[in-house]
Amino acid sequence: MNIRNRTPFHRLPAFRVLQMQALVTVLSAVSCGVVFGIVAGYSALFGGLIALTANAFFTYKAFRYFGARSARAITQSLWSGQMGKQILAAALFALVFVGVRPLQPVALFVGYMLALGTSASALLLMKNNPKH
């Protein structure tokens with residue numbers, strides 16, 4: 001018996017991580033745009049949005065089930081969420097490289113890496129109680 005998590009998406013503890021990622025994405029895009037020009041700014045924005053979109057997909061998949069009776073469903077959700085995240089990120093990178101001209105690849109990857117770094121270090125930045 002799989003127990004579905006009925007908590008709204010915006011109430012999940014990982015939603016704060018996504019918010020921090022969005023903030024870092026906007027700040028990196030603005031700073032790249034001011035320092036290196038508009039092309040670097042929107043390239044960094046696209047990189048951050050790729051990471052943010054892929055992580056939002058993973059968050060949605062990972063928190064679908066809870067409880068000990070749902071262990072198999074949780075494992076399957078985590079696996080499919082991670083695979084979907086990788087495929088989605090690769091598809092979005094391909095879409096940006098094909099569809100956006102002009103593009104600064106260095107700024108694109110900097111925006112992506114900053115957003116990924118935020119999600120990787122967000123647990124260190126968050127308080128002990130993620131609900132407040």
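**A tour of the helices**

Start by selecting two helices that meet: Ala 14, Leu 18, Gln 21, Ala 22, Thr 25, Ser 28, Ala 29, Cys 32, Gly 33 and Phe 36 of helix 1 touch Ile 38, Ala 40, Gly 41, Ala 44, Leu 45, Gly 48, Leu 49, Ala 51, Leu 52, Asn 55, Ala 56 and Thr 59 of helix 2. Contact means heavy atoms within 4.5 Å. Helices are DSSP runs (H or I, at least four residues), numbered from the N terminus.

This is a predicted model, where local features need pLDDT of at least 70, side-chain atom pairs count only at pLDDT 80 or more, and totals for chains, interfaces and linings use all residues. Residues are numbered from 1 along each chain as its sequence is written, and side-chain values use heavy atoms, with hydrogens and water left out.

Now look along the pair. The axes of helix 1 and helix 2 come within 6 Å and cross at roughly 170 degrees. That makes helix 1 roughly antiparallel to helix 2 (an angle over 145 degrees). Axes are lines fitted to C-alpha atoms over the stretch in contact, with angles from 0 to 180 degrees between N-to-C directions.

Next, select residues 14–36, which form helix 1. This helix has 23 residues and reaches 32 Å from its first C-alpha to its last, close to the 33 Å expected at 1.5 Å a residue. The expected span is 1.5 Å times one less than the number of residues. Its buried residues are Ala 14, Val 17, Leu 18, Gln 21, Thr 25, Ser 28, Ala 29 and Cys 32. Buried means under 20% relative accessible area, with a 1.4 Å probe and protein chains only.

Step just past helix 1 to Gly 37. Its phi is positive, about 115 degrees.

Go on to Ser 43 in helix 2. At 0% relative accessibility, Ser 43 counts as buried. Leaving out residues up to four places away in sequence, Ser 43 touches Leu 103, Gln 104, Ala 107 and Leu 108.

Now show helix 2 (residues 38–62) with helix 3 (residues 71–99). They pack at about 160 degrees, with axes 8 Å apart. That makes helix 2 roughly antiparallel to helix 3. Residues in the contact include Phe 46, Ile 50 and Phe 57 of helix 2 and Leu 88, Leu 92 and Phe 93 of helix 3.

Finish at Pro 102, in the loop between helix 3 and helix 4 (105–125). A cis peptide bond joins Arg 101 to Pro 102, with omega about -10 degrees. Most peptide bonds are trans.

Terms used:
Angles under 35 degrees count as roughly parallel, over 145 as roughly antiparallel, 65 to 115 as roughly perpendicular and the rest as oblique. Buried means under 20% relative accessible area, exposed over 50%, partly exposed in between (1.4 Å probe, protein chains only).
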